[in-house]
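Opening the notebook on this one.

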Amino acid sequence: VQLQASGGGLVQSGGSLRLSCVASGNFFRINAMGWYRQTPGKQRELVARISSAGNPTLSDAVRGRFTISRGDDGNPVYLQMDSLIPEDTAVYYCNAEISARYTLRPSSYWGQGTQVTVSS
């Protein structure tokens with residue numbers, strides 16, 4: 001299973017970016033997908049997550065500004081980031097909990113990080 005993230009970049013404060021993440025490989029089902037972010041010297045933190053039923057969870061820091069959505073079968077997942085502020089600057093990582101094809105055992109997977117930089 002591989003996760004391919006895209007959409008990061010440099011934007012001015014107040015601007016918008018949209019991140020995308022696609023899961024590929026041989027698996028049974030995507031149980032949940034989401035986005036985490038990390039800045040130097042800090043732990044990786046949850047930004048947003050969406051369940052297989054389509055129920056979104058957003059952190060307090062981004063609620064009201066970010067929206068998470070997904071494709072009909074749970075893939076891909078999108079993070080629409082509006083009203084960006086410099087504090088949103090971080091490396092954003094896609095994460096997915098995916099059940100294996102034959103064993104149905106769930107495992108967590110990470111995509112490569114994508115840099116988001118918000119200038120003031």
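**Core**

I started with the largest nonpolar core, which has 29 residues in this predicted model. The residues with the most contacts inside this core are M33, W35, F66, L79, M81 and Y92. Next I checked which elements give two or more residues to the core: they are β1 (2-6), β3 (17-24), β4 (27-38), β5 (45-51), β7 (66-70), β8 (77-81), β9 (90-100) and β11 (114-119). I noted that β9 gives the most, with five residues.

Then I picked M81 and asked what it touches, not counting residues up to four places away in sequence. With that exclusion, M81 touches G15, S16, L17, L19, R65, F66, Y92 and V116. Two of these contacts, F66 and Y92, are also on my list of core residues with the most contacts.

**Cysteines**

How many disulfides does the count come to? I get one disulfide. C21 and C94 form it, with their sulfur atoms 2.0 Å apart. The torsion about their S-S bond is about -85°, so I wrote this disulfide down as left-handed. C21 lies in strand β3 and C94 in strand β9, so the pair ties together parts that are 73 residues apart in sequence. I also looked up burial, and both C21 and C94 are buried.

**Loop serine**

Last, I went to S59, which sits in the loop between β6 (56-58) and β7. Is S59 buried or exposed? Its relative accessibility is 19%, and the cut-off for buried is under 20%, so S59 counts as buried. Leaving out residues up to four places away in sequence, I found S59 touching L46 and V47.

Key:
Residues numbered from 1 in each chain as written. Predicted model: local features only at pLDDT ≥ 70, side-chain atom pairs only at ≥ 80, totals over all residues. Heavy atoms only, no water. Core = buried A, V, L, I, M, F, W, Y, C linked by side-chain atoms within 4.5 Å. Buried < 20%, exposed > 50% of the residue type's maximum accessible area, 1.4 Å probe, protein only. Helix = DSSP H or I, 4+ residues; strand = E, 2+ residues; numbered from the N terminus. Contact = heavy atoms within 4.5 Å. Disulfide = S-S within 2.5 Å.
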